[in-house]
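User: I would like to go through some of the terms used for this model. Please set each value against its definition.

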Amino acid sequence: MTSGNTFTPTADELTVLELGRDTSTVRRMAGGQTLLCREFPLGVDALVLQSLRHEPPWPIELEHAIELTEEVVMPLAAQFAGSAGLVLQGQGADPITDALKASGIVQTRFSLDEIEVLFNRLIAVSQGRPASQEKLPTDLRFVAAMLMLREFMHHLHFADIALQATGP
């Protein structure tokens, strides 16, 4: 139920975020129907190409990636902020799910605080902490997907996320 650019979610509504390679899509869903869909000009591979040059990325590279992500995510807030649930699907979910499983983390639902903790661990590695201490991969696609997810959740006020990988 939309009224102009504002949105009032109901219990069966959710937001689906699909992080693609070059672009991404966000959809507001209710009862299996798409209520609103927007493509935005940033994907996982595009963010890697534009910002992340080293593995693990340098802190300045992460700062640049955050700025780029904020530029495309912030305009979506008026239409998509804070629905009842957020689901991450598509190519962006795969590197996150695969990396977390390889690190011994099998859960598929995370709170914003849990995503922040994971992201802060990536930042610690970028600042010099040995990656082996954090037991998280430094793969740039994983870093980019986590960064985009974190920024999306943070700026659009989502309390939790469900990951739905495309693979087995």
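User: Why is the crossing of helix 2 and helix 7 called right-handed?

Analyst: Helix 2 and helix 7 cross in the right-handed sense. Helices here are DSSP runs of H or I with at least four residues, strands are runs of E with at least two, and both are numbered from the N terminus. This is a predicted model, in which local features need pLDDT of at least 70 and side-chain atom pairs count only at pLDDT 80 or more, while totals for chains, interfaces and linings use all residues. Residues are numbered from 1 along each chain as its sequence is written, and side-chain values use heavy atoms, with hydrogens and water left out.

User: What makes helix 2 oblique to helix 7?

Analyst: Their axes come within 10 Å and cross at roughly 50 degrees, with helix 7 covering residues 140–156. Axes are lines fitted to C-alpha atoms, for helices over the stretch in contact, and angles run from 0 to 180 degrees between N-to-C directions. Under 35 degrees counts as roughly parallel, over 145 as roughly antiparallel, 65 to 115 as roughly perpendicular, and the rest as oblique. The angle therefore makes helix 2 oblique to helix 7.

User: Which residues make that contact?

Analyst: Contact means heavy atoms within 4.5 Å. Helix 2 contributes L62, A65, I66, T69, E70 and V73, and helix 7 contributes V143, L147, M148, E151, F152, H155 and L156. Nine of the contact residues of helix 2 with helix 7 are nonpolar, two polar and two charged. In this sorting Ala, Val, Leu, Ile, Met, Phe, Trp, Tyr, Cys and Pro are nonpolar, Asp, Glu, Lys and Arg are charged, and the others, Gly among them, are polar.

User: How do you know that helix 5 and helix 7 are oblique to each other?

Analyst: The axes of helix 5 (residues 112–126) and helix 7 come within 10 Å and cross at roughly 140 degrees. Helix 5 and helix 7 are therefore oblique. Their crossing is left-handed. The contact residues include L112, I115 and F119 of helix 5 and F142, M146 and R150 of helix 7. The contact of helix 5 with helix 7 divides into eleven nonpolar, one polar and two charged residues.

User: What makes helix 1 oblique to helix 2?

Analyst: Helix 1 (residues 44–51) and helix 2 (residues 59–73) have axes that come within 9 Å and cross at roughly 130 degrees. The angle is why helix 1 counts as oblique to helix 2. The crossing of helix 1 and helix 2 is right-handed. Here L47, Q50 and S51 of helix 1 meet E61, H64, A65, L68 and T69 of helix 2.

User: How confident is the predictor in the protein chain?

Analyst: The average pLDDT, a per-residue confidence from 0 to 100, is 88 for the protein chain, and 90% of the residues score at least 70. Among its elements, helix 2 has the highest mean (97) and strand 1 (residues 2–3) the lowest (34).

How values were computed. Left-handed = near helix turned anticlockwise from the far one by under 90°.
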